[in-house]
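Subject: Structure handover

Hello,

I am passing on the structure you will be working with, followed by notes on what was found in it. Please look through the sequence and the coordinates before reading on.

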Amino acid sequence: MPAGASARRTAAVSALALTMTIALTAQPAAAADPRRVAVTLSRVTPTSFNQPTAVTHAGDGRLFVAEKRGYIRVVSGGRTQATPYLDLRRIVGQFDGEQGLLGLAFAPNFAVTRYLYVAYTNTDGSLQVTRFRAATTTATTVNFATRVPILNIAHPDASNHNGGMLAFGPDGMLYISTGDGGSTPQKAQDVGSLLGKILRIDVSRACAPLRYCIPAGNPFATTARARKEIWHFGLRNPWRFSFDRVVGSMWIADVGQGTSEEIDTIGKGIGGRNFGWPCREGTRTYGGTCRRGTLTGPVAELSHDDGSCAVTGGYVYRGRLNPVLAGTYVFTDFCTGTMWGVGRLSNGTWVRSQMGAYSGSISAFGESVSGELYAVDLSSGALLLVRAGAR
């Protein structure tokens, strides 16, 4: 599902000579060393989903799996509910390649509001964020008539690099990832565009004519001719990002172009970072022109020389089933299936290590309400539980 490395280089202008820093974020001293961990994936349910793109929870024991064509399905007690929780096929206008139903997030106060949010590609190829409301917290289906469009992001240039991840941060705001537009990498540096960004909006309120408000702390909230929704910029295709549920740090997996995939991390509440695309691909010079200032470099890279082609971002593990994995960021590559871990040791050193391998094509990770880590395989449709042991 994430964009691979086959796209040809499109930027030809030399990059500015800018300083690049590594974004550090505080981690608990007990963070595991990924070099000492072995990871396996086990199937949760015999059901095969149709091109799953997301898995998450709603504050209870159920898991919700989004399918690219437009279904959201419920898994409870190892069984998949026969009737879809929500059918979005009538509004998911494009679902080939990197398009379709891409993101799903339940409001952190779902028990009160019963709101859930989806991101999908519209009939015109734009990225649409829409809200629905369940009749009760335990409802087995959601009425399509509760639909309320929240934000539309024009995507006129190509069908790929859509991003589409949705997640609520520790501040209760809704964060949204967007790709650079596919054929227009320079838009990642343009703060007048919503493409190539992480966005942050307040969906708990409406500020007319918007159906959301701009949080006061957004870095461009008072900047003329800038989009106020922007939280971070300079990203190529941040297909998946997540928040560490213990320390609140943000982790972004940005799909690369021709040489490398990158993992970025930023401390809780820190916005306005420029990750350097298209001036940089990972730590390497690429092309294009960057806004003046400091670029934030990755804490980990995967080289295409090793077969990697499209990083699938995961989560910092905070569950109870796998204590040897505590504090480790788990992610993979869509093409190789290699399971990777990144951790910051007690001495402050960042370590990346291969922890296992999987033969399928993992399109997304997700957490249960208790912090257990799951993954979905786009090709086989499997819902998988991450297990780990010492090695």
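A residue counts as buried when its relative accessible area is under 20%, as exposed when over 50%, and as partly exposed in between. Arg318, with 17% relative accessibility, is therefore buried. Please keep in mind that this is a predicted model.

Salt bridges

The structure holds eleven salt bridges. Side chains of opposite charge can pair when their charged atoms come close. Arg318 takes part in one of these bridges, with Asp244 as its partner, and the closest N and O atoms are 2.8 Å apart. Asp244 sits in the loop between β16 (240–243) and β17 (250–254), while Arg318 sits in the loop between β23 (311–316) and β24 (329–333), so this pair ties together parts that are 74 residues apart in sequence. Asp244 is buried too, at 2% relative accessibility.

A second bridge to look at joins the side chains of Arg62 and Asp60, at 2.9 Å from N to O. Here Arg62 is buried, with a relative accessibility of 12%, whereas Asp60 is partly exposed at 25%.

Arg89 and Asp87 also form a salt bridge, with 2.8 Å between the closest N and O atoms. In this pair Arg89 has a relative accessible area of 36% and is partly exposed; Asp87, at 24%, is partly exposed as well.

Finally, salt bridges link Asp33, Arg35 and Arg36 in a network.

In soluble globular proteins, nonpolar side chains tend to be buried together. The largest nonpolar core in this model has 44 residues, and within it Leu174 and Ile263 touch the most other members. Strand β11 (residues 148–153) contributes the most to this core, giving three residues. There is also a second, separate core of 31 residues; among its members are Phe241, Phe275, Met355 and Ile362.

Which residues does Ile263 touch, not counting those up to four places away in sequence? They are Trp251, Ile252 and Ala253, then Pro298, Val299 and Ala300, and also Val311, Tyr329 and Phe331.

Regards

Notes:
Residues are numbered from 1 along each chain as its sequence is written. This is a predicted model: local features need pLDDT of at least 70, side-chain atom pairs count only at pLDDT 80 or more; totals for chains, interfaces and linings use all residues. Side-chain values use heavy atoms; hydrogens and water are left out. A nonpolar core is a set of buried Ala, Val, Leu, Ile, Met, Phe, Trp, Tyr and Cys residues joined through side-chain atoms within 4.5 Å. Buried means under 20% relative accessible area, exposed over 50%, partly exposed in between (1.4 Å probe, protein chains only). Helices (H or I, at least four residues) and strands (E, at least two) are DSSP runs, numbered from the N terminus. Contact means heavy atoms within 4.5 Å. A salt bridge is a side-chain nitrogen of Lys or Arg within 4 Å of a carboxyl oxygen of Asp or Glu.
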